[in-house]
Amino acid sequence: MRVLILGSGVTGTTLAYYLAKKGMQVTVVDRQSGPALETSYGNAGQISPGYASPWAAPGIPFKALKWLPQRHAPLAIHATTDSLQYRWMMQMLRNCTASRYAINKERMVRLSEYSRDCLDQLRNETGLTYEERTLGTTQLFRTQQQLDASAKDIKVLKESGVPYEVLDRAGIVQVEPALAPVVDKLTGALRLPYDETGDCYLFTTRIANMAKDLGVEFKFNSIIDRLHISNNIINGVWIDGELVQADRYVLCLGSYTPKFLASVGIYVPIYPLKGYSLTIPITNAEMSPVSTILDETYKVAITRFDNRIRVGGMAEISGFDLSLNPRRRETLKMVTQDLYPQGGDITKAEFWTGLRPATPDGTPIIGETLIKNLYLNTGHGTLGWTMAAGSGRYLSDILAGQKPEISTEGFDISRYKK
């Protein structure tokens, strides 16, 4: 079987590897000069299945209003002339109920937990390294209200069988010793000991090389124009003026998926959540994080690589703007200096931004469409790195006509028809 994958971010590249392992003939096409040069390049670095949660949650509409005037707000909304922005926001608001939140979080945790297991197996089978750490993730609460509110997430963790620990200040210092000088600013924490970290860009480039060894062809610097469709079947994709044909086609185009599918009459509720990161060289390893820290107040993650600290977070709903907002740099710098002031040289930090493809309910869209040979693997939001291996393995099973190892409920585009 010939499969054409559009997009070489972490989700598209990982899928290509799994398909090649099943003996399929795979081609991956991307407009960039190499894999993982857009959203997958500078993400926060954490692989946190238990913290997989939709932005659409009870109380978010009120919080969003409260955040609007704040300088270091975790969410910012900028008006555009794009009607899809407001349609997506209305769909998101409809998911901000306790019942929808529980359903959506369960789906996200189900896929994320499976993805971590797939990543562990992949690492064990291949010896793949990407500055990974398997030392857990710690979510820091600065107020008692935040700590109390974590009860709803703990309930889902229990139901999903995800191990967790609730930490007091002493427990925080035990797992993250560099926080000792500032622990009085914190009320408590929720720790997931089996979460992981790693450099997503490094992972993607290395698994791309592994995929090439299995026969996958990568075509970079390519302009993907449009789908050629007839009688509800894709007959090819116009790429660089040439009709490229395959048996199956998979879109892994992230935030650009809706514009591409609109030409064939398919609406996918995906909109970009713009995020930012700083990558800081470590100058004092003992005063740096051990693994990943999540600051609940500012929605910022601080992750440890070998010799670097990656600080990432925030979300802007502002269309496809890729400009670097200096105010977001200030927020990332502020959180870093507040928690790890002696860890790295922030004056030498690399400032980055990317567009994270978000669905209104937080769950990605993976699986078949109404077009017989067209499949989607997109809409992972802030969790593309967390969900990549599981999404690739899951969809490769579907394309191979095999039963996926986890429940398929709620993953494909049909959930928006209900």
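**Close-up 1. Helices α1 and α8 meet in this predicted model.** From α1, the residues Val10, Thr13, Thr14 and Tyr17 take part, and they meet Cys200, Phe203, Thr204, Ile207, Ala208, Met210 and Ala211 of α8. By type, the residues of this contact divide into 8 nonpolar, 3 polar and no charged.

**Close-up 2. The way α1 and α8 pack.** Two packed helices are described by the angle between their axes and the distance between the axes. Here α1 spans residues 10–21 and α8 spans residues 200–213; their axes are 9 Å apart, at an angle of about 30 degrees. Angles under 35 degrees count as roughly parallel, so α1 and α8 are roughly parallel to each other. Their crossing is left-handed.

Close-up 3. Look for Ser40 in the loop between β2 (25–29) and β3 (46–47). Is Ser40 buried or exposed? With a relative accessible area of 9%, Ser40 is buried, because the cut-off for buried is under 20%. A polar atom of the Ser40 side chain lies 2.9 Å from the backbone nitrogen of Val10. Leaving aside residues up to four places away in sequence, Ser40 touches Gly9, Val10, Cys200 and Tyr201.

**Close-up 4. Ile234 in strand β11.** This strand covers residues 233–239, and Ile234 lies in it. Ile234 counts as buried because its relative accessibility is 2%. Beyond residues up to four places away in sequence, Ile234 touches Leu227, His228, Ile229, Tyr249, Ile371, Asn373 and Leu374. Asp247 is 13 residues from Ile234 in sequence, and the two are 8.5 Å apart in space, C-alpha to C-alpha.

Notes. Residues are numbered from 1 along each chain as its sequence is written. This is a predicted model: local features need pLDDT of at least 70, side-chain atom pairs count only at pLDDT 80 or more; totals for chains, interfaces and linings use all residues. Side-chain values use heavy atoms; hydrogens and water are left out. Helices (H or I, at least four residues) and strands (E, at least two) are DSSP runs, numbered from the N terminus. Buried means under 20% relative accessible area, exposed over 50%, partly exposed in between (1.4 Å probe, protein chains only). Contact means heavy atoms within 4.5 Å. A polar contact is a pair of N or O atoms within 3.5 Å; within protein, one must be able to donate a hydrogen and the other to accept it, and residues adjacent in sequence count only if both atoms are side-chain atoms. Axes are lines fitted to C-alpha atoms, for helices over the stretch in contact, and angles run from 0 to 180 degrees between N-to-C directions. Angles under 35 degrees count as roughly parallel, over 145 as roughly antiparallel, 65 to 115 as roughly perpendicular and the rest as oblique. A crossing is left-handed if the near helix is turned anticlockwise from the far one by less than a right angle, and right-handed if clockwise. Ala, Val, Leu, Ile, Met, Phe, Trp, Tyr, Cys and Pro count as nonpolar, Asp, Glu, Lys and Arg as charged, and the others, Gly among them, as polar.
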